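Open the model in a viewer and keep the selection tool at hand. The stops below say what to select and what is there.

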Amino acid sequence: MTRDEVLSIVRENIVMVLPEVDAALLRPERSLSELGANSVDRAEIVVGAMAALRIKVPGSELAEAKNIGGLVDVLYRKLSA
């Protein structure tokens, strides 16, 4: 799976959890908080993406993700390990 495919999965989960967000705003440099996601929303997005990718990532590794691109990097790195 490519990094772009992981990004696509993360975007799909963001749209499922935050359907009111304009898809044009889902750029890697944006944080989930900037998009209006609260802590429950962020957890749902991350859990949904991990389920779609069939991986589990420890919270300590997820904590380093400061934006969408960072989240994609963490998930992609876990897939590639």
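Which residues does L79 touch, not counting residues up to four places away in sequence? Select L79 together with M1, V6, L53 and I55: these are the residues that L79 touches, where contact means heavy atoms within 4.5 Å.

Before going on, note that this is a predicted model, in which local features need pLDDT of at least 70 and side-chain atom pairs count only at pLDDT 80 or more, while totals for chains, interfaces and linings use all residues. Residues are numbered from 1 along each chain as its sequence is written, and side-chain values use heavy atoms, with hydrogens and water left out.

**Whole chain**

Colour by secondary structure. The chain has four helices and zero strands, and its elements follow the order α-α-α-α from the N terminus. Helices (H or I, at least four residues) and strands (E, at least two) are DSSP runs, numbered from the N terminus.

Next, select residues 1–79. An unreviewed UniProt entry annotates this range as "domain: Carrier"; UniProt positions are given in the numbering used here, feature names are shortened, and annotations may be inferred rather than shown by experiment. Over this range the chain is 58% helix and 0% strand, with the end C-alpha atoms 8 Å apart.

Now show the C-alpha trace of the chain. Along the principal axes, the C-alpha atoms fill a box of roughly 35 × 25 × 20 Å. Among contacts with a separation of 6 or more, 56% are between residues 24 or more positions apart.

Switch to a surface view. The accessible surface of the chain is about 4,700 Å², and carbon and sulfur atoms hold 54% of this; accessible areas come from the Shrake-Rupley method with a 1.4 Å probe, and for residues only the protein chains shown count as cover. Of the 81 residues, 38% count as buried. Buried means under 20% relative accessible area, exposed over 50%, and partly exposed in between (1.4 Å probe, protein chains only).

**L79 again**

Return to L79, which lies in helix α4 (residues 68–80). L79 counts as partly exposed because its relative accessible area is 30%.

**The loop between α2 and α3**

Select R54, in the loop between α2 and α3 (59–62). What is the phi of R54? R54 has a positive phi of about 60° although it is not a glycine. Most residues other than glycine have a negative phi. R54 has 77% relative accessibility and therefore counts as exposed.

K56 is found in the loop between α2 and α3. K56 counts as exposed at 72% relative accessibility. Show M50 and K78 as well, which K56 touches, not counting residues up to four places away in sequence. For a distance across the model, pick K56 and R27: they are 29 residues apart in sequence and 24 Å apart in space, C-alpha to C-alpha.

**The loop between α1 and α2**

Move to S31, in the loop between α1 (3–17) and α2 (39–53). Is S31 buried or exposed? S31 is buried, because its relative accessible area is 15%. Residues up to four places away in sequence aside, S31 touches K66 and N67.

**Last stop**

Finish at A81, in the segment after α4. A81 is exposed, with a relative accessible area of 87%. Pick N38 too: the C-alpha atoms of A81 and N38 are separated by 30 Å, and the two residues are 43 residues apart along the chain.
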